Amino acid sequence: MIQSMTGFGKATVELPSKKVTIEIKALNSKQLDLSTRIPSIYRENEMEVRNLLLQKLERGKVDFSIFIEYIGKDVPTQINVAAIENYYLQIKAIAERLHLPEPTDWFQSLLRLPDAIHTDQPEADESEWETVRATIEEAIQHLCDFRIQEGAMLQQLFEQKIANIARLLKEVAVYESERVAKIKARILDNLQKVAEQDYDKNRFEQEMIYYIEKLDINEEKNRLDNHLKYFLTTMEKGLGQGKKLGFIAQEMGREINTLGSKSNHAEMQKIVVQMKDELEQIKEQVLNVL
């Protein structure tokens, strides 16, 4: 079963003085492109978080965030009373000395000054980090579950598109014998128009055989059929098949293009266009496969 690279995971835990929320978003990418937003209280554990995400997620553009909401009275952000008092006395002294009016809204003026508000972030103890780490693993699991669900939808889509291409490939056989007969008749018709010109009939038969062999598409049909089957069996191999599926889709495209260049028949050309349409939808979605 394949998995999608797209996903979202979220988990929350309430600690005595704060609520911690973990969010992970993932999109498609050729490798693991990791972006983290970690508060300073947990910053020393960033490498541990990165290693955990690397082991579990493998590939994708991943945005990882930890949000902290403090509850109760133990809020780390505090007004620096000593600094505000000092600012107040200095401003009053300057106003008296320079004969300037004092501010009408002291609080608004004082709270804007540097260091008027400071944040005292206590260090997280080991037990708190273990709780947060377990919450991170829970969020990762939610993301993985989302990827599995999206992967099942992608697999269903691929199976449908592969079946459509296989059906179109069978329709090609209807026009094969007709195509060769028409080409041979057209060449003979052109020769009859120049009947007064003598030509070597044996050489003509040899050239005709060579020309028809160049237009033969049995090899391309067999290879395309094998690629379709290989795509389906590769999906069943499980995780990490995205790049391989992309390569198989490219090979399918080469065979379909060769069929189009050799077809030399209007109805076959229409079938090839329909095949290309189905394949383009596969190529577009295979970029999301992990």
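Which helices each supply at least two residues of the lining of the largest pocket?

1. Basis of the model. The structure is a predicted model, in which local features need pLDDT of at least 70, side-chain atom pairs count only at pLDDT 80 or more, and totals for chains, interfaces and linings use all residues. Residues are numbered from 1 along each chain as its sequence is written, and side-chain values use heavy atoms, with hydrogens and water left out.

2. Overall composition. The protein contains eight helices and six strands (DSSP runs numbered from the N terminus, helices being H or I with at least four residues and strands E with at least two). Along the sequence their order is β-β-β-α-β-β-α-α-β-α-α-α-α-α. Of the 290 residues, 36% are buried (under 20% relative accessible area, with exposed over 50% and partly exposed in between, for a 1.4 Å probe and protein chains only).

3. The largest pocket. Helix H7 (242–263) and helix H8 (266–286) are the helices in question, each supplying at least two lining residues; H7 gives the most, with five. The lining comprises 14 residues, of which Gly242, Lys243, Gly246, Val286 and Leu287 lie nearest the centre. A pocket here is an open set of points on a 1 Å grid over the protein atoms alone, where a 1.4 Å probe fits, with protein on both sides within 12 Å along at least five of seven lines; lining residues have an atom within 4 Å of a point. The space in the largest pocket is about 330 Å³, the volume being that filled by probe spheres set on the points, which are joined across faces, edges and corners.

4. Strands S1 (residues 7–14) and S2 (residues 18–27) run antiparallel and are joined by eight bridges; strands pair if DSSP finds at least two bridges between them. Three residues lie between S1 and S2 in this hairpin, and Lys10 stands opposite Glu23 in S2. The covered face of S1 carries Gly7, Gly9, Ala11 and Val13, whereas Phe8, Lys10, Thr12 and Glu14 are on the uncovered one. In a regular strand the side chains alternate between the two faces of the sheet.

5. Leu154. This residue is found in helix H4 (residues 126–193), and Leu154 counts as buried because its relative accessibility is 8%. Beyond its neighbours within four places in sequence, Leu154 is in contact with Ile2, Ser4, Gln285, Asn288 and Val289 (heavy atoms within 4.5 Å). Leu154 and Gln285 are 131 residues apart in sequence, yet 7.3 Å apart in space, C-alpha to C-alpha.
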